[in-house]
Amino acid sequence: MNVTPPDDPRWPDTVAATGGRAGAVITAYDWSGTPLGPIEGWPQSLRTALALCLRSPGPAVLWWGDGPVPLPNDAYRRLLGPGREVAPDRPAARAWPGDWDALVPLLARRDAGTSPDVRVRHARDGDRWFTFTHSPVTDESGRPAGVLSVGAETTARVVGERRLRLLVALGAALADAADPEEVARRAVDTLGGAASMPFVRLHLATPGGPRLAATAGAEVPPVGDLPLAEVLADGAPRLVPPHLAGGRADAPVVAVLPVPDPGAAAPAGVLVVGLDPHRAVDADHRAFVGLLAGQVGVALAAARARRRRSTDRAGPDAAVTVDTGDRRTAFVAAVTRDVSDRQRALRRAEALARLAGALSSARGREAIVEVLTTVAPDVVDAAALRVAVALPGRTVLDVTGGDAPPGPLPLDTDAPLARAVRDNAVLPVTGADGRTTGLCLPLRYGDGVALGALEVRWADPVSDDDALHNLLDAVAALCSQALQRAELIGSAQAMAVFAARLSVTRSTAEAIEVILDAPTTVFGAELPGLAMRDEGRRVRLWYHDDVPGTLAAAFHDLGVDDPRPLVRALRDGTRIVLRDRAEFAARFPGLPDPVGAHGLVTTVALPLFGAERRPIAALGFGWRRERPLRDTDLASLNTVADLCEQTLERVRLAAAEHNLVTRLAGRLRSSSLTPPKGLEVATRYRPAMSGLHLGGDWYDLVRQDGDRLAVVVGDVVGHQVEAAADMAQLRTMLNTLIRLGVPLAEVFLRLTELLGVGFLGTCLIAVVDPVAGTAQVARAGHPHPVLLPAGQPPRAVPTAHALPLGMVDAPMTVATIPFAPGDVLVAYTDGLVERRGRPYDEGVAALHRTLAAVRDEPAEAIADALLHDLAGSEDDQALVVLRHRR
């Protein structure tokens, strides 16, 4: 009968202080008139999920309740922009930038799922795309109560795939154009059909200057405003601002690009393109339109060459009639076209498009690697392709693909894959004859740091081909984007799992075990240790068993004034990030470096603060390879610290309250009663660990005439001081009624008459007479006691059905059972056998099994075994064990 109260009414102040502007908005709002209720009464599950959401480095929103109510973090609010401000009193649909109708069923079912490539558009940042991962959040009952949606930006991939599709479409359209005029028409038609280009115009170079060959789009600027002649003269591209192009203030930037003529010094023409107004005109944007112009230039050159070949090369594609001058046909010459290069280019472009599509739908690193090893070889006509991924800070590559089975590859080996990652450079793979048969290309993060490598091998030696290099660069870029996306999503999921594990810890020891797992599960780090203040000025270090003994010994005898980074973080509350051991030596000169001696390179000492914002612990960990910590990593450190701080404070309060409860419970439930001759009696009470549970469970022992003993076990609905007061009143009244000699059948009726029906609970009274060898049992809605007769299996004591306490309005039926020497009788409250997610009968069966296994033990040993084997309850537990001595 567990009703879990909120743990700390001060928690809104922490949210306001650490949750940014979003946290301030949430705590300042009056929630009392909403389905969530007053913020001070929000359950621990909502608090933990909200903390995870607010401190998430990327955009995140927590949907809670049946509404649902959206609770976004600052990154999510900025993502939506000023036109879609999220406020508690706004409809939930306004808080979602994508298809709300598609999201509603998922939120209603509180399922896990994804919303891929949700477009967010506003004037300042233009179009951006995000993939949102939705994870259900359970409440204290174990049922999903909300959904946490965490976004990872996929703009680079989406834009890259769109640009790639346009390049493929342009290549296909221009592949067999017969002459330059047809190239111009097809190019402009293809590019003009793209939504990202408001207008397109192609001018071909002639002796008299640029000549307009084709145009598309409604907002083509006047020719006089464009530097066409200048671009033809010097071959340098120009960007024309909107106001110079004669357009409106919101008109797009115009790119005026030379169309290169392969093998010629001067451009073949000028391509005029209105740039996507919803994208920044950055280096990538300029490079993309440059690729378009280059592809048009190649097509123009191919068309001109094709016309020349049509007159001097034989083949089946065309027939030329040749006569001898006497009007008779002498012979027919067949003219061919060499289409092998065009077909190869089309095949590669189509395969590249398939690769981009497959990578965009792959979820998780394993799925992405599977796509790379099965689809990418066709893109580059490779005989084999291997993928090596280096998790951040790790010294071993995970290698998949090729003929060899998947496995690890140390980074310090001389293998080309390892060197490509280590040197962050393209490396050739040569055969026995020294000729190049493969290439290793590094895969990189956005800041240029290597995250892995591709090894591409061909059946025959290959030449140094710019087109092949460009194709390989495109494949590597797609792979890098996909792996980065998977890493971000995996990190968010690991953080959610970590928060969920922390939320169910109920003691400091449990919390420390989970906290020590955070560096490994969230950051992929090694050798975590948690420093906490001990008695006096001592510092104690907690760590897992995998920490080498020599390293643990170096931190064995620590004082609060120790100069090492971990203790300094604990003492001063300063986060210390050391990129490598050279930085350690520079910042801590002359100090021994046992962490570096055990192979760690980049290390972190992360302080954890208490409710008064004073450091109470410091979490240390590191990586065996240098790991640059990006802004998203630093934000994740903040999130981990916040979650750990909340948990340590919660379990500290719970431990203090539990000690108070145990002391008070001992005074309320203990008895100095000497048991009657012939009886062994063992009593136990264990309060729940969550909150101030001055519980509703109790037991009492009352001596009666003739060595009879009345055993009372009861349970009042609820917790906190009110339940304890009800329990104390009931216990006192029942004790008095029993001592006055009220017949057992009438005790519960008299109780109702005296106290009315203002309370609800259950109770069991068993009057044991060891001389007569009997026990009388009256039960008011309480679990059946268990009898273990000598030499027989345990069984529940059958009694007549009875109403709970407060509802008894007639005398009870009393059951009389034999209680012979050697028999054991057990009375208990439901907290001993009830567990979330398990049928009640299974808990009773577990009790019977334990009781049978210790049947010959003393009563005290039986009570200890029952509490040990039936541990894990979230409710109070009261237990009385009686053994009739032989």
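1. A salt bridge is defined here as a side-chain nitrogen of Lys or Arg within 4 Å of a carboxyl oxygen of Asp or Glu. The side chains of Asp700 and Arg731 meet this definition, at 3.5 Å from N to O. Asp700 belongs to strand 26 (residues 697-704) and Arg731 to helix 20, so the pair links distant parts of the chain, 31 residues apart. Helices (H or I, at least four residues) and strands (E, at least two) are DSSP runs, numbered from the N terminus. Both Asp700 and Arg731 are buried; buried means under 20% relative accessible area, exposed over 50%, and partly exposed in between (1.4 Å probe, protein chains only).

2. The model is predicted: local features need pLDDT of at least 70, side-chain atom pairs count only at pLDDT 80 or more, and totals for chains, interfaces and linings use all residues. Residues are numbered from 1 along each chain as its sequence is written, and side-chain values use heavy atoms, with hydrogens and water left out.

3. The whole structure holds 27 salt bridges. One of them joins the side chains of Asp642 and Arg55, with 3.5 Å from N to O. Because Asp642 lies in helix 19 (residues 631-669) and Arg55 in the loop between helix 3 (44-54) and strand 1 (60-64), this pair ties together parts that are 587 residues apart in sequence. Asp642 is buried, at 4% relative accessible area, and Arg55 is buried at 17%.

4. The salt bridge of Arg419 with Asp414 has its closest N and O atoms 4.0 Å apart. Here Arg419 is partly exposed, with a relative accessible area of 26%, whereas Asp414 is exposed, with 60%.

5. Which residue of strand 18 (residues 450-457) deserves a look? Arg457 has its place there, and its relative accessibility of 32% makes it partly exposed. Between Arg457 and Gly402 the C-alpha to C-alpha distance is 9.1 Å, although 55 residues separate them in sequence.

6. Most residues other than glycine have a negative phi, and most peptide bonds are trans. The bond from Gly67 to Pro68 is cis, with omega near -10 degrees; Pro68 lies in the loop between strand 1 and strand 2 (69-72). Asn424 has a positive phi, near 55 degrees, and sits in the loop between helix 12 (416-423) and strand 16 (427-430). Leu527, in strand 19 (residues 526-533), is not a glycine either, yet its phi is about 50 degrees. Asn424 is partly exposed at 25% relative accessibility, while Leu527 is buried at 14%.

7. How many cavities of 30 Å³ or more are counted? There are six, a cavity being a set of points on a 1 Å grid over the protein atoms alone where a 1.4 Å probe fits but cannot get out.

8. A nonpolar surface patch of about 330 Å² is made by Val717, Leu760, Leu803 and Met807. Patch residues have over 30% relative accessible area and no salt bridge, with nonpolar side chains (Val, Leu, Ile, Met, Phe, Trp, Tyr) joined within 5 Å and like charges within 9 Å. Areas come from the Shrake-Rupley method with a 1.4 Å probe. Val717 is partly exposed at 40% relative accessibility.

Note on methods: On a 1 Å grid over the protein atoms alone, a cavity is a set of points where a 1.4 Å probe fits but cannot get out, and a pocket is an open set with protein on both sides within 12 Å along at least five of seven lines; lining residues have an atom within 4 Å of a point. Grid points are joined across faces, edges and corners, and a volume is the space filled by probe spheres set on the points.
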